Amino acid sequence: MKSYLNQADGVFPSVCPLDCPDQCGLLVHKESGAIVKIEGDPSHPVTQGAICNKVRNMTERIYDPKRLQYPLLRTGPKGSGEFRRIGWEEALERIAGRWMQLAASEEGAEAILPYSFYGNMGRIGTEGMGRRFFNRLGASKLIYSICEAAGSEGYRYTMGGSYGTDPEETIHAKLHILWGINAVSTNMHQVAIAEKARKQGAQIIVIDVHQNRTARWADWFIPVMPGTDAALALGLMHILFAEGLTDEEFLRQYTIGHEELREHVKQYPPDVVAAITGVPVGDIYKLARLYGATKPSFIRIGNGPQHHDNGGMTTRAIACLPALTGQWLVKGGGAIKGNGGFLSLNKSALERPELSRRSTRRINMNLLGSALLELDPPIRSLYVYNSNPALVAPEANKVREGLGREDLFTVVHDLFLTETAKFADIVLPATSSFENTDLYTSYWHHYVQLQQPVIEPCGESKSNVEVFRLLSQAMGFNEALLCESEEEMIDQALNNPNNSRLRGITHETLSATRFAKADVKPFLMEKLHTPSGRIELYSKAMERSGYPPLPTYVPLVDDGPYPLLFIPTANHNFLNSTFAQNDKHIKMEKTPRIYMNAFDAAARGIRGGEMVHVWNARGSCELEAAVGNDVLPGVAVSQGLWSDDAGGKALVNALTPDRVADMGNGAVFFSGKVEVALR
Ligand SMILES: Nc1nc2c(c(=O)[nH]1)N[C@H]1C(S)=C(S)[C@@H](COP(=O)(O)OP(=O)(O)OC[C@H]3O[C@@H](n4cnc5c(=O)[nH]c(N)nc54)[C@H](O)[C@@H]3O)O[C@H]1N2
Ligand SMILES: Nc1nc2c(c(=O)[nH]1)N[C@H]1C(S)=C(S)[C@@H](COP(=O)(O)OP(=O)(O)OC[C@H]3O[C@@H](n4cnc5c(=O)[nH]c(N)nc54)[C@H](O)[C@@H]3O)O[C@H]1N2
Ligand code: SF4
Ligand SMILES: [Mo]
């Protein structure tokens, strides 16, 4: 195994492991065997040496004195965070002992639920050995739906999968529309590319519910009412058809359903759309005419539209726009929702479904609270890795009540004693990505990257892959597939007969080149993966699944008698819950705020700067009021998933609904309502 461990000093190539579209190339500086500095790798073709502030300060997270060094056993009540040190052998014996008992019981291993997400994007550590192990065990299966699931399904109905514009080509776009994405904080290299394009005359438009960093950077910020974007997209289509701004040749050749769509959008004239979205009629015309007249134009679709009750349909509606004006054939035109499809790995080689002996129930991760409290037969054991559900999952109070069940045997594998880990019976220490070998694939750019270990594991910490290999042994599972090395698994994963774009990329070639670009053909040179092979403006597949076959505006679900739509988004200095426990990042972010319109604030006697109480039937939290014109009346926005460690009262997910979006079992973090008052 090639690694950089035997070199105590030097600069070593690495990958940012975080759940961020940019997936930057990094250079890790080492002195006397320890990381002293992390910077961007200037040779990375897309990220070009620029990285965010979060990761420039990552060294402190790696060597944080709060990092877990050895396994822990609970000694106090659940949630109290009282533990004592135990050895790995004892930890593994206890886990395997309890799981063997459950597997032998009448309920069987389905009583065990693995819960994970992408706290580290390494594909072997997230989707490799863990999935294999739980398949062999016969545990319940998790539906991985907390992030982009609704939008991905909506986009797939239109475009056939997670395939969009090559971001490197968006430099050529003359119009950049950032639609529900706070890209200055969450996709900084898309912003860097747009900024370069702007120097060559391109315009930048942001459509969002909050005048955040990205909106302030734009040439034109268009505020919309939350959850109404589908109506805006349909209003734009109305004008494009009505004013002859569509590309008829493109529609005939590459789409199906354009005649039906032309008729259908007649019911979305600008005055109707203005009343729904809050966007003035004049602005709807201006936007449609600009979009219709500019080639190439590019739309970057974020989580904003999709974290709603109607997120699937809204994303589908936006995804129809580039086809109307033929943007997909112009270099740099089109859209990106997610580009993961181009880099799709061999899923069955990663997960080895053949290891499972029977089919098991599937549990939606967005419903963790109700799953722990209500499922019958019950979940009796939970194994959490790469995720911090006590902070990040909706209906946090329900989740915590579930995690607090005395009879639930919970194991948490993490680098830190997170809010979730505090509820564990056994805590296992995890290595950081710089201590592991893993394969990384971006969901935005087209590059595959390799991480090789740069430093020794911290204390007794172990990687996800290693822990599952050890758990397999402890359980007496002796299949060869449960003992494979990272290198073997990387080569199997890259060898995907259904994805020729990765041909020729192996662990060995990546060791030499650090990164490799997938061989992606110009858009529409390959047949789309929709049933018709074309862009489906009308979708029979949707019709069969009970959805309107044409893009449609569906209002949000009634969330009860609270006046303000509450949009708890990501922030600049944390990454979901990562860095939320880190003092330096907390200081940079200052304080958890709620942005309110001056009109709503005045009605409640709030001037700004005060701590306010925010509540609904699900729970409450306390945030500092920020009053002004950054949001429309009726809207309240917060930023960041603040750790209990940072004061303890800013748990925004106590307020978010665990309803499921229209598609993909998706999360609806942004469709809740609240009331706000001075404390
Ligand atoms: N700094 C930082 N970077 C991150 C993350 C982080 O936490 N911090 N998280 C990472 C992850 S996992 C992901 S998935 C991505 C997410 O990155 P983004 O896609 O940027 O997602 P969010 O920040 O959740 O919200 C997107 C934007 O949508 C807006 N919005 C909310 N509702 C609506 C609506 O109905 N319509 C419109 N038009 N806009 C709306 C919000 O105001 C916000 O500006 O970022 C990744 N990168
Ligand atoms: N209110 C609200 N809630 C949200 C969102 C929102 O916008 N608003 N965004 C949602 C989105 S888009 C997402 S993707 C989720 C993400 O939420 P999570 O999946 O929880 O993601 P993170 O908080 O980034 O990371 C989770 C944990 O993984 C741990 N970890 C890192 N590397 C490793 C490793 O190698 N091994 C192990 N075992 N652990 C590791 C980290 O220390 C961290 O504690 O949050 C969702 N929650
Ligand atoms: S968090 Fe995103 S922007 Fe920051 S270094 Fe990682 S990939 Fe790059
Ligand atoms: Mo996400």
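**Figure 1. Backbone contacts to ligand 1.** A backbone N or O atom of G180 lies 3.2 Å from an oxygen atom of ligand 1. A polar backbone atom of N303 is 2.8 Å from an oxygen atom of ligand 1. H572 brings a backbone N or O atom to 3.1 Å from a nitrogen atom of ligand 1. Taken alone, ligand 1 exposes 910 Å², and the protein buries 96% of that (Shrake-Rupley method, 1.4 Å probe). The model is predicted: local features need pLDDT of at least 70, side-chain atom pairs count only at pLDDT 80 or more, and totals for chains, interfaces and linings use all residues. Residues are numbered from 1 along each chain as its sequence is written, chains are lettered from A and ligands numbered from 1 in the order in which they are written, and side-chain values use heavy atoms, with hydrogens and water left out.

**Figure 2. The shell around ligand 1.** Of the 31 residues around ligand 1, D208, G227, D229, F574 and N576 come nearest (a residue is near if one of its heavy atoms lies within 4 Å). The shell has twelve nonpolar, 15 polar and four charged residues; Gly counts as polar here. Helix 7 (183-186), strand 9 (203-208), helix 15 (303-306) and strand 22 (564-569) each supply at least two shell residues. Helices (H or I, at least four residues) and strands (E, at least two) are DSSP runs, numbered from the N terminus. Ligand 1 lies between domain 2 (165-337 + 530-544) and domain 3 (564-678), because both give residues to its shell. The domain bounds come from an automatic or database domain assignment.

Figure 3. The side chains of E351 and K347 meet at 3.4 Å, N to O. In a salt bridge, a side-chain nitrogen of Lys or Arg is within 4 Å of a carboxyl oxygen of Asp or Glu. The two residues are four apart in helix 17 (residues 347-351), so about one helical turn separates them. E351 is buried at 13% relative accessibility. K347 is exposed at 55%. Buried means under 20% relative accessible area, exposed over 50%, and partly exposed in between (1.4 Å probe, protein chains only).

**Figure 4. The salt bridge of D407 and R405.** Their side chains meet at 2.9 Å, N to O. D407 is partly exposed, at 44% relative accessibility. R405 is buried, at 15%.

Figure 5. E486 pairs with R469, the closest N and O atoms being 3.4 Å apart. E486 lies in helix 22 (residues 486-494) and R469 in helix 21 (residues 464-475), so the pair ties together parts 17 residues apart in sequence. E486 is buried at 12% relative accessibility, and R469 is buried at 15%. Elsewhere, salt bridges that share partners join R74, K78, E406 and D425 into one network. The structure holds 40 salt bridges.

Definitions and conventions:
A polar contact is a pair of N or O atoms within 3.5 Å; within protein, one must be able to donate a hydrogen and the other to accept it, and residues adjacent in sequence count only if both atoms are side-chain atoms.
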